[in-house]
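Have it open while you read, as the points go from the overall fold down to single residues.

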Amino acid sequence: MPSSMIHLLAAYKYDPKSSVAFFIGNIVPDIISEWKEKDRSHFRDRKDRLNALKELANTININDDFNRGVLLHLYLDYKWDTYPMKKFKEGFEKDTWFRPYRYEISLAGAWLYHNRDWSKDLWEKIISCPMTSYENNFGYEKEDIYNFLSRSYKWHRDNKIGPSLFFTPDFIEVFTDNVVNEFKDWLDNFK
């Protein structure tokens, strides 16, 4: 999974004028900390992962900003898992990849936060959004959402590090451009 800032970069490219609910939806699926549950909620436990995303898209209101944000998050993760993360794991034996991976993702995310002119303002809007306005169609608790967003915001604000030498800024730009364009085409199938 990519960092919250990679998700927000893709969301911003998709629609920079979208509602805060859309941007929150792009972060929220990562509040789950238990790996098996996260794999299930991200459809990583399904061989037909893209079909699972299609099924989800057919069962939710994709015109709802929060829902569309969650869907973009899950789509981006699907694309990320099939190439960038897979490529990263190739250089490691068995399960030794995870800590170095988290380190590189942290570098990439923090660098994006401190080097995008829109990121600080967007994070402040996200944190200022009242909990009562969170849509909750996916079973997330509002307090859990707020706590996760608050921790993420503080971490990004306090860590001026990066960029990643593996997930370089140029790579992330091209990757998010491609995913956003593919997602728009994919989403047109459900309108």
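1. The protein chain has ten helices and zero strands, where helices (H or I, at least four residues) and strands (E, at least two) are DSSP runs numbered from the N terminus. Along the sequence the pattern reads α-α-α-α-α-α-α-α-α-α. The radius of gyration is 16 Å, close to the 16 Å from the globule rule for 191 residues, so the chain is as compact as a globular protein of that length. That radius is taken over C-alpha atoms, and the rule is 2.2 Å times the number of residues to the power 0.38.

2. A word on what we are looking at: this is a predicted model, in which local features need pLDDT of at least 70 and side-chain atom pairs count only at pLDDT 80 or more, while totals for chains, interfaces and linings use all residues. Residues are numbered from 1 along each chain as its sequence is written, and side-chain values use heavy atoms, with hydrogens and water left out.

3. Now the overall numbers. The C-alpha trace spans about 40 × 40 × 30 Å along its principal axes. Of the 191 residues, 50% count as buried (buried is under 20% relative accessible area, exposed over 50%, partly exposed in between, with a 1.4 Å probe and protein chains only). Among contacts with a separation of 6 or more, 76% come from residues 24 or more positions apart; contact here means heavy atoms within 4.5 Å.

4. How many salt bridges does the structure hold? There are eleven, counting a side-chain nitrogen of Lys or Arg within 4 Å of a carboxyl oxygen of Asp or Glu. One of them pairs K13 with E173, with the closest N and O atoms 2.8 Å apart. K13 sits in helix 1 (residues 4–14) and E173 in helix 10 (residues 169–188), so this pair ties together parts 160 residues apart in sequence. K13 is partly exposed at 24%, and E173 is partly exposed at 22%.

5. K79 belongs to helix 5 and E182 to helix 10, so the pair ties together parts 103 residues apart in sequence. Both ends are partly exposed, K79 at 23% and E182 at 33%.

6. D64 is buried yet has no salt bridge, and the nearest side chain of opposite charge, R68, is 7.3 Å away (Lys and Arg count as positive, Asp and Glu as negative; His and the chain ends are not counted). What lies 2.9 Å from a polar atom of the D64 side chain? The backbone nitrogen of N67 does.

7. Most residues other than glycine have a negative phi, and most peptide bonds are trans. K94, in the loop between helix 6 (84–89) and helix 7 (98–115), has a positive phi near 40°, and K94 is exposed at 78% relative accessibility. A cis peptide bond joins G162 and P163, with omega about 10°. P163 lies in the loop between helix 9 (142–158) and helix 10.

Notes: A polar contact is a pair of N or O atoms within 3.5 Å; within protein, one must be able to donate a hydrogen and the other to accept it, and residues adjacent in sequence count only if both atoms are side-chain atoms.
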